[in-house]
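The stops below follow charged pairs.

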Amino acid sequence: MTEPSEQEHHLIDPAELTADFETFFRDHKKEFLKSAASRVRNAHDAEEVVLIAGVRIYRKWPRIRAHANPVAYAHQILNWEIATFFRKQARIADRETSYGELPFADVPTGDDLLALGEHEELDLALERLEARAPVRAACIRLRFLCGLTNHEVGERLEISPDCVKVHVCRGLKDLQSLMDLPTRGKGDS
């Protein structure tokens with residue numbers, strides 16, 4: 001038997017990606033990251049979700065490329081991976097020890113809690129909107145959290161830009177009522 005230092009270790013060459021897939025993923029990666037980050041609220045987790053989705057997109061690339069709207073298909077895969085991420089987090093949470101139960105853990109400061117609380121009301125309202133009207137919630141996320149135009153949102157969700165405008169308008173009103181914000185009257189700016 002040879003010692004581990006004497007064994008030959010061959011590196012596996014990275015897979016050769018097709019040029020059209022590389023271009024597609026490079027062009028849309030930032031958009032995918034924004035979409036994932038708006039849902040998972042952590043840049044590292046968003047990057048992980050996008051990379052896992054990228055692998056799935058690559059595996060299905062011939063089917064996606066032949067689809068009438070490849071970007072919308074890729075967004076469906078990304079949304080599936082985001083859901084899988086949350087299911088995985090829920091399974092892990094059942095087996096983990098709470099941070100406060102660790103003997104060496106630092107107690108979070110009030111500033112830490114305030115920083116997290118800034119987004120809580122919006123996150124809860126978006127979750128409720130998504131349960132009621134998933135297309136409206138998707139339009140809001142893509143339009144405002146990802147910074148896409150109405151036309152781009154329409155392409156991603158396979159609806160018309162005018163339909164996006166309606167969903168965004170109604171979604172904003174729904175969010176306003178879900179967050180108990182005062183309604184703006186005529187002439188208010």
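A salt bridge here is a side-chain nitrogen of Lys or Arg within 4 Å of a carboxyl oxygen of Asp or Glu. The model is predicted, so local features need pLDDT of at least 70 and side-chain atom pairs count only at pLDDT 80 or more, while totals for chains, interfaces and linings use all residues. Residues are numbered from 1 along each chain as its sequence is written, and side-chain values use heavy atoms, with hydrogens and water left out.

Select Glu-155 and Arg-156. These two form a salt bridge, with 3.2 Å between the closest N and O atoms. Arg-156 is buried, at 7% relative accessible area, and Glu-155 is partly exposed, at 34%. Buried means under 20% relative accessible area, exposed over 50%, and partly exposed in between (1.4 Å probe, protein chains only).

Go next to Asp-20 and Arg-65, whose side chains form a salt bridge at 2.7 Å, N to O. This pair links distant parts of the chain, 45 residues apart: Asp-20 is in helix 1 (residues 19-40) and Arg-65 in helix 3 (residues 61-66). Helices (H or I, at least four residues) are DSSP runs, numbered from the N terminus. Asp-20 is partly exposed, at 30% relative accessible area; Arg-65 is also partly exposed, at 44%.

Finish at Asp-174 and Arg-136, another salt bridge, at 2.5 Å, N to O. Asp-174 lies in helix 9 (residues 161-178) and Arg-136 in helix 7 (residues 134-145), so the pair ties together parts 38 residues apart in sequence.

How many salt bridges does a search of the whole structure find? The search finds eight.

Note on methods. Helices (H or I, at least four residues) and strands (E, at least two) are DSSP runs, numbered from the N terminus.
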